[in-house]
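Good morning, and thank you for coming. Please look at the model on the screen while I go through a few of its elements.

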Amino acid sequence: MNITGNFIGGKTSFSASNETIPVYDPATGKPVRELTQSTAAEVAKTIEVAHNAFDEWSRTSPLRRARIMFNFKALMEQHREELAELIVSEHGKVWSDALGELTRGLEVVEFACGIPHLIKGENSADVGTGVDSYSLMQPLGVVAGITPFNFPAMVPLWMFPIALACGNTFVLKPPALDPSASVRMAELLTEAGLPDGVFNVIHCSNQDAEQLYTDPRVQAVSFVGSSGVAEHIYKTASAHGKRVQAFGAAKNHAIVMPDADLDATVNAIMGGAFGSAGERCMALPVVVAVGDDTADKLIAALTPLVKALRVGPGIRKGKDENEMGPVVSAAHQKKVLGYIDKGEQEGAKLVVDGRNIDVPGYAEGYYVGGTLFDNVTSDMVIWREEIFGPVLSIMRAPDYKSALQLVNSHEFGNGSAIFTSNGHTGRDFVREVQAGMVGVNVPVPVPMAFHSFGGWKRSVFGALNVHGPDGVRFYTRMKTATVRWPSGQKTVSEFSMPTLG
């Protein structure tokens with residue numbers, strides 16, 4: 001069986017431990033490859049490789065770095081189907097969703113290609129007599145990324161293209177569940193002209209990965225995952241003097257007003273709730289219907305669509321493509337099914353039951369069918385906790401103010417949406433909702449790459465968001481120079497605060 005190795009110093013390598021773990025195809029429940037497991041010493045060596053590569057790379061001109069990003073973008077486009085196959089085989093998402101993930105990731109590469117403009121800084125001539133001031137945006141050094149299973153290509157692409165373009169070197173720890181896309185992208189970066197050691201991929205235990213946010217040679221760390229781990233990494237890395245952006249869990253809500261376009265809203269909810277089997281931090285697992293009549297209409301329209309969801313292996317394409325693939329692992333399948341059990345026990349009305357789904361020919365796959373709950377209340381676990389699966393909860397509120405209060409009461413604030421035809425209501429929602437990303441008649445309001453992605457409250461730890469302008473700020477530090485060149489003037493010592501006049 002093929003082994004997915006590390007990528008360190010410009011070449012693929014395998015751990016001297018000879019230890020591997022299986023990587024499963026969620027559609028079949030069978031292993032498709034093995035993954036090398038590195039030692040703590042090998043993680044430290046990878047950081048050293050990146051550290052040694054930093055000086056030369058940081059002195060490479062921004063224009064040259066941008067041209068490598070252009071080359072990388074072209075290679076990613078040439079190999080997009082190969083990358084999509086890796087994503088489908090290890091994550092399980094359907095083919096078009098895998099291609100969509102790559103497209104959104106490539107948008108960040110396109111943004112990074114503009115790095116000469118993005119880091120050109122500020123300039124002010126004649127701030128004083130014969131004195132000029134200007135700023136430099138300089139790279140940090142070695143930076144690390146720790147990424148989740150749900151977007152094995154897109155989330156790393158949120159991080160490393162901007163980090164590299166800014167002049168940093170990078171160490172990536174991808175998820176063990178679907179690691180191969182990261183290694184393939186590393187190979188394509190080398191083919192694009194990236195010097196050896198500038199981008200490295202290491203597979204290791206979570207315990208050994210702690211070096212990526214404690215080692216003094218690492219200057220910054222980006223993380224996406226659960227809120228508990230995000231908070232731990234934020235506190236630990238910050239205590240070690242590192243810059244941190246750590247993104248955690250989400251429980252995104254959509255308010256549906258009585259004046260919303262019902263057909264358009266239902267279609268949007270279906271994609272937001274069940275796309276990628278709900279395994280998105282920007283998924284839409286909760287809908288708050290304003291008024292019982294609105295809720296009843298939503299339930300009536302959603303029920304047949306949820307029941308009719310085509311669930312099966314993600315590799316099918318075109319007219320044969322399924323709408324939803326399996327969840328990522330047997331353990332996660334068990335977790336999601338447990339939440340459905342819990343919702344039923346707590347008294348939510350189970351309108352469509354996704355348990356015990358039968359996918360002919362794929363009895364060992366990790367499938368959960370589309371599930372729909374009604375009459376979910378704020379004291380229920382299925383409302384409080386992130387399920388991260390194809391489970392949609394309908395809540396009921398008597399009016400807009402009550403619905404907004406419910407949304408804002410949740411501990412997570414990643415994304416929220418409203419469906420309405422009233423401009424005043426939509427504008428008020430954008431202003432008042434406590435979430436970092438907001439949609440008006442848009443179910444999954446993920447910003448484009450030239451804006452920044454990030455939530456509020458316990459969905460994020462750290463001051464700067466990912467990609468867009470915040471991404472550039474995160475991976476650089478500013479230095480301001482104040483310069484006077486002598487021109488024969490006589491000067492005397494000054495002991496008060498200089499005013500430069």
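I begin with a definition: two strands pair if DSSP finds at least two bridges between them. Helices (H or I, at least four residues) and strands (E, at least two) are DSSP runs, numbered from the N terminus. This is a predicted model, in which local features need pLDDT of at least 70, side-chain atom pairs count only at pLDDT 80 or more, and totals for chains, interfaces and linings use all residues. Residues are numbered from 1 along each chain as its sequence is written, and side-chain values use heavy atoms, with hydrogens and water left out.

Let us turn to the strands. Strand S4 (residues 20-25) pairs with S5 in the antiparallel sense, over 6 bridges. Within this pairing, Pro22 has Glu34 of S5 as its bridge partner. The two strands make a hairpin with 4 residues between them, and Gly29 in the turn has a positive phi of about 75°. Strand S1 (residues 3-4) runs parallel to S5 (residues 30-36), joined by 2 bridges. Here Ile3 stands opposite Glu34.

I now come to helix H2. How far apart are its end C-alpha atoms? They are 25 Å apart, which agrees with the 24 Å that the 17 residues (62-78) should span at 1.5 Å a residue, because the expected span is 1.5 Å times one less than the number of residues. Buried residues (under 20% relative accessible area, 1.4 Å probe, protein chains only) of H2 include Ile68, Met69 and Phe72.

Finally, an unreviewed UniProt entry annotates residues 17-480 as "domain: Aldehyde dehydrogenase"; such annotations may be inferred rather than shown by experiment. Over residues 17-480, the chain is 39% helix and 21% strand.

Definitions and conventions:
Buried means under 20% relative accessible area, exposed over 50%, partly exposed in between (1.4 Å probe, protein chains only).
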